[in-house]
Amino acid sequence: MLTKVWIQQLNDYILEHEINSEIDDEINNCVGLEKKREMLRDKIIEQIKAYVLNTPDTQNKDLLRKMHERARIELLLKHRKFLIEKGEKIIDEYFAEGDDIVPEKISPRLIPVRTKEEWDIFKTARFTWSLPFSNGYGRRLCFLIMDEYNGKLIGILGAHSPALGIKLRNEWLNLKGKDKVYKLNETMDIFTLGAVPPYNMLLGGKLVAMSAVANEVRDFYREKYSNKKTEMEQNIISPHLVLFTTTSAYGRSSIYNRVKYKDKLLCFSLGYTKGFGAFKYTDEISRLMKEYLLLKGIEVKGGYGNGPNYKFRLINTAIKEINKEIDLKEVLNIKSIKQLLKHEVKREVFVFPLASNVVEYINGIDKEVKYYDYKFEELAEYWKERYLKRRAKTNDEWRYWNKDNLKKYLLIK
C-alpha cells in the first residue's frame with residue numbers, strides 16, 4: 001500500500017512543513033506589516049503551485065485521490081499523537097485480519113456512537129479514507145457497524161446538519177429562498193459512509209449504505225434530538241428525520257449505485273455537481289490566507305449566520321485580493337483565476353428518502369410522515385444474500401489482508 005513514490009511524497013511534504021515553519025518564524029519576526037503581508041502572499045502563491053491547477057482526468061481516480069493527498073497527510077500529522085497513542089490500539093482490537101472473517105458467519109450490528117470509546121473507533125476508521133477527515137457540524141449522528149461474530153469493525157456512517165446550497169436537492173424538494181433554512185431542518189447530509197478493509201472487499205460499503213435508511217437510525221435521531229433546541233435561535237428541533245443527502249467522492253459512485261432492498265431502490269441519483277470547491281486546499285494554506293486578508297483589513301466570517309461554505313469564501317476572497325497585486329494567470333500559467341476554485345470533479349448527488357412522501361411533507365402538503373419500515377437486521381440479511389455470498393465466492397482478496405497495511409497508511413508504523 002505504501003509505495004516508494006508515496007513515501008518520497010510524504011518525506012517531501014514533511015520537509016516542506018519544516019521549512020514553512022521556519023518561514024512562519026521569519027514572517028512573524030517582520031516589523032513592517034506591509035512586508036509581512038507580501039511574504040504571506042508569496043508563500044501562498046508558492047503553495048498554490050503545488051496543487052493540480054489544470055483540468056484533471058476525472059476518470060482517473062488515482063489522480064483524484066492524489067489531489068486530496070496533501071490535505072490528508074497534513075491531517076495525519078496534525079492528529080499523529082492520537083493515532084499513535086490510541087489509533088494503533090484500536091486497529092489491533094477492532095480491525096480485522098483476513099483470517100478473522102468467515103463470510104457465512106458475519107453478523108452485522110448497528111451501534112449508535114454514544115461514548116468516547118465509540119467515537120475514537122469511528123474517528124480512527126475515518127482516517128483510513130483517502131478524503132481528509134471531518135468531524136461534521138451542527139446536528140450529528142454517527143454509527144459503527146460491527147461484526148458480532150468476531151467483534152471487528154465493518155464500517156461507519158456519519159451525518160450532520162445539511163448544507164443549504166445543494167442545488168440539485170433543493171430543486172428536487174422544490175425549495176426556494178429563505179424557506180430552505182427551516183424546511184431542511186428535518187434532513188441531514190451524510191459526511192462519511194463506507195466499510196473498512198477487509199470488509200470493503202466483500203462489498204461492506206453496500207451494507208453501510210443500506211443502513212442509512214434503517215428504522216434504528218431514525219430512532220436514534222429522535223432519542224438524541226427530541227425536545228432539544230437549536231443553539232442560536234433556540235427553536236425546538238423536530239424529532240422527524242425524513243431524508244439524507246450525500247455526494248460521491250470521485251465522480252460516479254459505485255457504492256451508491258443500485259443499492260436495493262428486494263425490489264426497492266434505497267437511494268437514487270439527482271445528477272452531478274458543477275465541480276467547484278476548495279477541497280484540495282489544506283488547512284495550512286487556509287490559515288495563511290486568513291492571516292493575509294486580516295493584514296489587509298478584510299475578515300471573512302464563519303459560523304452560524306455568516307453564510308455557507310466558509311472555506312470556499314475565504315479562499316475565493318484571498319485569491320481575488322492577491323490577483324489585484326499580482327497577475328495570477330501569468331504567475332501560475334492558467335487561463336482564468338476561476339480555475340483555482342474549479343476542480344472539475346463533478347460529484348454525484350444522491351438522496352436517501354426515509355419516507356414515501358418526503359417531497360409532500362417538506363412542502364407542507366402532507367402533515368404526517370409516511371415512513372418506510374426497514375429494520376436493520378432485515379437489511380443486513382438481504383445484504384448477505386444479494387451482495388456478500390456472491391462476492392466471497394468470486395473474490396478472495398480479503399483473505400490475505402494484513403491490518404499492518406493500515407498502520408503504515410496512517411503513518412503509525
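Q: Why does Lys262 count as exposed?
A: In this predicted model, where local features need pLDDT of at least 70, side-chain atom pairs count only at pLDDT 80 or more, and totals for chains, interfaces and linings use all residues, Lys262 has 53% relative accessibility and therefore counts as exposed, since buried means under 20% relative accessible area, exposed over 50% and partly exposed in between, with a 1.4 Å probe and protein chains only. Residues are numbered from 1 along each chain as its sequence is written, and side-chain values use heavy atoms, with hydrogens and water left out.

Q: What makes Arg258 partly exposed?
A: The relative accessibility of Arg258 is 48%, so Arg258 counts as partly exposed. Arg258 is found in the loop between strand E5 (243–247) and strand E6 (260–261), where strands (E, at least two residues) and helices (H or I, at least four) are DSSP runs numbered from the N terminus.

Q: Why is H4 called roughly perpendicular to H5?
A: Helix H4 (residues 80–94) and helix H5 (residues 116–126) pack at an angle of about 90°, with their axes 10 Å apart; the axes are lines fitted to C-alpha atoms over the stretch in contact, and angles run from 0 to 180 degrees between N-to-C directions. Because angles under 35 degrees count as roughly parallel, over 145 as roughly antiparallel, 65 to 115 as roughly perpendicular and the rest as oblique, H4 is roughly perpendicular to H5.
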